[in-house]
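Me: Could you take a close look at one part of this structure for me, the surroundings of the ligand? I'd be glad of a connected account that also takes in the charged pairs of the chain.

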Amino acid sequence: MAQDVLCEVSNCKYNKEGKKCGADQIFVVSHKGNKAHNSEETDCKTFEPGM
Ligand code: SF4
């Protein structure tokens, strides 16, 4: 289980100081079904616009 999720998306409402994710859990999805070839093909679906 991931303990510390680092994230650079500063305008997400869950993003905290030090590029940390404050969400209880996150859901990472692939752009192409349930598989990905590299990190560029994945995204955080838990993102919600904040500040
Ligand atoms: S919910 Fe996703 S986009 Fe938002 S801070 Fe956490 S990892 Fe980043």
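This is a predicted model: local features need pLDDT of at least 70, side-chain atom pairs count only at pLDDT 80 or more; totals for chains, interfaces and linings use all residues.

Reply: Happy to. As for where the ligand sits, the place is the largest pocket.

An unreviewed UniProt entry places the feature "domain: DUF1540" at residues 5–47.

Now to the charged side chains. In general, side chains of opposite charge can pair when their charged atoms come close. Here the count comes to two salt bridges.

One of them joins Lys-13 to Glu-48, with 3.5 Å between the closest N and O atoms. This pair links distant parts of the chain, 35 residues apart: Lys-13 belongs to the segment before strand 1 (15–16), and Glu-48 to the segment after strand 4 (42–44). Lys-13 is partly exposed, at 44% relative accessible area, and Glu-48 is partly exposed as well, at 35%.

Another salt bridge is formed by Glu-41 and Lys-32, again with an N to O distance of 3.5 Å. Glu-41 counts as buried because its relative accessible area, 12%, is under 20%. Lys-32, at 54%, counts as exposed because that value is over 50%.

Notes: Residues are numbered from 1 along each chain as its sequence is written. Side-chain values use heavy atoms; hydrogens and water are left out. On a 1 Å grid over the protein atoms alone, a cavity is a set of points where a 1.4 Å probe fits but cannot get out, and a pocket is an open set with protein on both sides within 12 Å along at least five of seven lines; lining residues have an atom within 4 Å of a point. A molecule sits in a cavity or pocket if more than half of its atoms lie within 2 Å of its grid points. UniProt positions are given in the numbering used here, feature names are shortened, and annotations may be inferred rather than shown by experiment. A salt bridge is a side-chain nitrogen of Lys or Arg within 4 Å of a carboxyl oxygen of Asp or Glu. Helices (H or I, at least four residues) and strands (E, at least two) are DSSP runs, numbered from the N terminus. Buried means under 20% relative accessible area, exposed over 50%, partly exposed in between (1.4 Å probe, protein chains only).
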